[in-house]
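Here is a short report on one model. It covers a ligand site, a helix pair and some backbone details.

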Amino acid sequence: MISNLRQLFLEHVGQTSDYPMMLEVERAEGVYLYGPNGKRWIDLISGVSVSAVGHGNPAVIEAICSQARDYLHLMVYGEAIEAPQVRYARRIASLLPDPLDSVYFVNSGSEAVEGALKLAKRYTGRTEMIYYKNAYHGSTHGSLSVMGGETFRNAFRPLLPDTRQIRFNEPDDLQYITSRTACVIIEPVQGEGGIIPVHRDYLQALRDRCNETGTLLIYDEIQTGLGRTGTLYFFQRYGIVPDILCTAKAFGGGMPLGAFIASKRVMDVLKTNPVLGHITTFGGHPVCCAAGLAALEYTLSEGLMEQAESKGALYEKLLADHPLVREIRRVGLLLAVEFRDAELTARIVWDAVEAGLMTEWFMFHETAMRIAPPLTITPSEIEESCAILRKVMDQVKR
Ligand code: PLP
């Protein structure tokens with residue numbers, strides 16, 4: 001039955017590469033994933049920044065079950081008053097600075113980006129969209145059009161017209177933002193680029209340039225949101241506020257949920273000319289909103305945001321002196337461990353998976369390994385995972 005499942009997976013589940021990880025997980029709890037025959041992995045990536053409050057978090061499960069008993073889907077987005085949506089929108093808005101008070105719920109990160117790009121075009125009446133080298137914003141046509149990696153998008157041309165790529169943290173390129181630019185979309189910490197945080201001065205200069213030119217500034221905090229970097233969203237540590245914030249991944253507490261968040265004044269343009277400027281059937285599903293809100297409250301009440309910094313620092317301390325580690329880049333509990341080359345990185349990652357760690361590298365940065373465990377991970381679990389990783393690094397064939 002077990003091998004049969006592997007074979008059926010390859011035969012009938014649409015594949016994204018010729019080398020899937022093929023981890024067979026039967027159950028997940030806390031930071032652990034459990035497979036058949038007593039196999040166990042420590043989850044070092046949280047499904048790429050999703051499972052921030054740990055797998056099987058009882059508060060989230062209870063919220064899901066309770067809402068499922070009340071109702072599932074009722075009506076397309078924006079028509080019925082669904083309490084889980086209203087409660088979550090109000091709560092997240094209360095934790096964000098002005099003027100970010102209007103939340104449009106969608107199903108995923110890519111859709112949040114799609115909505116944000118459309119909103120910027122509609123609000124400004126302009127078409128040009130500026131994005132960054134090594135940016136990742138999703139896989140739909142719109143988000144692919146602002147992806148900063150040619151390998152992944154070339155085969156899907158033509159993409160959206162009137163886009164321009166600029167260099168990250170490079171003030172000279174701000175000159176390309178002009179009065180014909182609808183929006184600039186930036187990850188304040190580039191995720192798939194290998195955990196590269198924006199410089200504070202650069203972000204301020206970008207904000208100023210957008211103000212001067214009437215351009216909307218979009219932050220993609222899909223990977224960094226909900227406490228992983230030490231604040232609810234990374235930008236809050238700088239206090240430099242976007243016009244539109246994109247969120248997803250941990251935002252749904254393990255359920256599919258995303259949102260683009262703006263001021264009510266900006267968001268309201270989607271109501272007219274044309275009416276129904278953005279539509280979704282399932283966006284803001286009540287069960288997903290209930291789960292997301294429960295996860296957010298858990299994050300806040302358990303102080304997970306505050307712990308992200310010390311837990312990340314512990315990883316750094318326990319790994320930095322290994323001879324194979326070239327550099328560690330870190331923001332809160334989001335780390336990139338840099339090795340000599342892509343081949344060595346791949347070998348370490350595969351050996352780590354074999355040894356009981358769930359990890360991977362980055363789309364645009366194949367010489368670093370990702371560490372982004374659930375924020376609930378304990379210091380002793382961090383020590384356990386570092387001991388396994390150090391052993392893997394000691395034994396890897398160089
Ligand atoms: N933006 C960033 C920064 C991401 O990391 C991702 C997913 O990895 C996305 C957007 C796309 O999100 P989704 O896969 O939910 O569409």
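Start with a proline. P274 sits in the loop between α9 (264-267) and α10. The model is predicted. The peptide bond that joins N273 to P274 is cis, with omega about 5°.

Most peptide bonds are trans, and most residues other than glycine have a negative phi. V48 has a positive phi, near 60°, and is not a glycine. V48 lies in helix α2, residues 46-49.

**The helix pair**

The loop that holds P274 lies between α9 and α10. Helix α10 spans residues 286-301 and pairs with helix α4, residues 83-94. Their axes come within 8 Å. They cross at roughly 35°. The crossing is left-handed.

Which residues in α4 meet α10? On the α4 side they are P84, Q85, R87, Y88, R91 and I92. On the α10 side they are P286, C289, A290, G292, L293, L296, E297 and L300. By class, this contact has nine nonpolar, two polar and three charged residues. R87 and R91 come from α4, and E297 comes from α10.

**The ligand site**

What surrounds the ligand? The shell consists of S108, G109, S110, Y136, H137, G138, E187, D220, I222, Q223 and K249. By class, it divides into two nonpolar, six polar and three charged residues.

| Residue | Protein atom | Ligand atom | Distance |
|---|---|---|---|
| D220 | polar side-chain atom | nitrogen | 2.6 Å |
| K249 | polar side-chain atom | oxygen | 2.9 Å |
| Y136 | polar backbone atom | nitrogen | 3.4 Å |

How much of the ligand does the protein bury? Taken alone, the ligand exposes 390 Å², and the protein buries 82% of that.

The partners can also be read by atom type. D220 uses a side-chain atom to reach a ligand nitrogen. Y136 reaches a ligand nitrogen from its backbone. K249 places a polar side-chain atom 2.9 Å from a ligand oxygen.

**In brief**

The ligand shell has six polar residues, two nonpolar and three charged. The α4 and α10 contact has nine nonpolar residues, two polar and three charged.

Conventions:
Residues are numbered from 1 along each chain as its sequence is written. This is a predicted model: local features need pLDDT of at least 70, side-chain atom pairs count only at pLDDT 80 or more; totals for chains, interfaces and linings use all residues. Side-chain values use heavy atoms; hydrogens and water are left out. A residue is near a molecule or strand if one of its heavy atoms lies within 4 Å of it. A polar contact is a pair of N or O atoms within 3.5 Å; within protein, one must be able to donate a hydrogen and the other to accept it, and residues adjacent in sequence count only if both atoms are side-chain atoms. Accessible areas come from the Shrake-Rupley method with a 1.4 Å probe; for residues, only the protein chains shown count as cover. Ala, Val, Leu, Ile, Met, Phe, Trp, Tyr, Cys and Pro count as nonpolar, Asp, Glu, Lys and Arg as charged, and the others, Gly among them, as polar. Axes are lines fitted to C-alpha atoms, for helices over the stretch in contact, and angles run from 0 to 180 degrees between N-to-C directions. Helices (H or I, at least four residues) and strands (E, at least two) are DSSP runs, numbered from the N terminus. A crossing is left-handed if the near helix is turned anticlockwise from the far one by less than a right angle, and right-handed if clockwise. Contact means heavy atoms within 4.5 Å.
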